[in-house]
Amino acid sequence: MQRDLFEISDAELLALDVDQFCTDIAANREGPEPCEGDNDHTSSLSTESCCTAPGTAEATCSGHEQSSDQPSGSAKESDPLSEGSGTKRRKRDRRTPLEQFGRKHLRVTDLSRQAWCEQQVVYGMELPHIQQLREEVPVVKAGSSIHLARGERVRELPVFGELEGIFLVGVIDELCYNSKGELELRELKTRGQQTFPGAAQRKSHHLQVIVYKLLFEAMIKGQLNKDTITHHLHLRTEQTFGSEVMVQAQKVGFTINTFGDLLDLMLLNLTYSEIPTIDIMKIEYCYQADASVIGTEVVCFEEEKVKRELKYYCSFWKGQREALGVDIEEAWKCRSCDFADICEWRKRKAEEATQKNRANQSK
C-alpha cells in the first residue's frame, strides 16, 4: 500500500526518484509550476488596466519558485557530474563562477532564481542542454503568446547596470502611469493553475522586480557610467559605425561616429530625460489557458533587506562562497528539479538526515 506523501521522512523524500512525482503528486502539492516571464530573454508584455485586478494580494516580500514540468531525458546519463565529481572539480578551479561559465554578466532572473535554489542555477549553467529542453516545454511557450497579445504602454524595456560588482541585464515587462500619476512597474507571470503561486515562488518573483527597479533608477539618476558598461562587457568604444548606421542616426537627429558616441548619447538622454522613479511594483498572475487575470500582488521595497540579499547572492558569483542547495525543510522543491538525480547537495543532505534519524533512534 502506498504511503501518503506527508508520511515520508525528509531523508526518504530527498532520496526519492523525482520522475515518480511527475503525475502522482500533481494533485497533492502546491509544488513549483511553470511561470512564464521568469526569463529575461523571453518577450514579456504586460498591459491592460494599471489598477489592481480581481484577487489582489497584499505584498508579503517573500516567496519564490520555478518550473515543474519534467523535460524528457535525464541529466544523469549525459554528464560526469552524475559520478560525484562536480563539487571536487569546482573546488579545484580557482576562477570565480562567472569566469568558469564564461559569463560577462548575469540576467536578473539568474539572480532571482538563486532565491529558489542556488544549486539548481549552477547545474543549469553546467548542463545548458537540460535548460534548453525546459524552454521548449509547451507551458512556457504558451506564456509568450499571452505576453504578445496584451495592449500598449512602455513594454519590454531593457535595463542594465552594476549591483554588488556584478553586471546585470533584464527586461521590464511594462512601465505605466496609474490614475494617481504614479509610475508603476508591472511584471506578468502566467500559470497553469488558477491560483497564486506559493510563498517560495513569490519570493523569487519579488526579488526580480526589485532588481529591475534598482537598475532602472540607477540608469535615470546618472549612476550608470560608460566605463562600468565597457569594463564588464569588454566593449570597443572606439569602433567606428558603418555609413548606413550613421545615416540612420542623422535622420533622427543624432550625430555619432563610434560606439562610444552612442553610449555617451544614451547615458545623457537617460540622465536628463526627467523620468521619475518607480512608485509602485506589481506582479500580475494570469491563467495561461484563457489569459484571464488570477490576481495582482503589490511588492514592497525594503531597501536594507534587499541590500543584504543582493550582497549574499552576488557573493557566490564573485567566488566568495560555495553554491548552496535547499534546506532540509524545503526538500519538497527537489520533486520538480531537472537535476535531482545528479544533485550532490541533495545526496549529501539525504545522508545527513539518515544519520540524524539513526542517532535519534539509538537514544
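Trainee: What makes the span of helix 9 agree with its 22 residues?

Mentor: The expected span is 1.5 Å times one less than the number of residues. For the 22 residues of helix 9 that should give 32 Å, and the end C-alpha atoms are 32 Å apart, so the two agree. This is a predicted model, in which local features need pLDDT of at least 70, side-chain atom pairs count only at pLDDT 80 or more, and totals for chains, interfaces and linings use all residues. Residues are numbered from 1 along each chain as its sequence is written, and side-chain values use heavy atoms, with hydrogens and water left out.

Trainee: What is called a helix or a strand here?

Mentor: Both are DSSP runs, numbered from the N terminus: helices are H or I with at least four residues, strands are E with at least two. The protein has 14 helices and six strands.

Trainee: Why is Thr230 called buried?

Mentor: Buried means under 20% relative accessible area, exposed over 50%, and partly exposed in between (1.4 Å probe, protein chains only). Thr230 has 16%, so it is buried. Thr230 sits in helix 10, residues 226-233. Leaving out residues up to four places away in sequence, Thr230 touches Leu235, Thr237 and Leu263. Contact here means heavy atoms within 4.5 Å.

Trainee: What makes a set of residues a nonpolar core?

Mentor: The members are buried Ala, Val, Leu, Ile, Met, Phe, Trp, Tyr and Cys residues, joined through side-chain atoms within 4.5 Å. The largest such core has 46 residues, and Leu111 and Trp317 are among those with the most contacts inside it. Helix 9, residues 199-220, gives the largest share, nine residues. Another core, of nine residues, lies apart and includes Ile130, Phe339 and Cys343.

Trainee: Which residues does Leu111 contact, leaving aside neighbours within four places in sequence?

Mentor: Among them are Leu168, Leu207, Val211 and Trp317.
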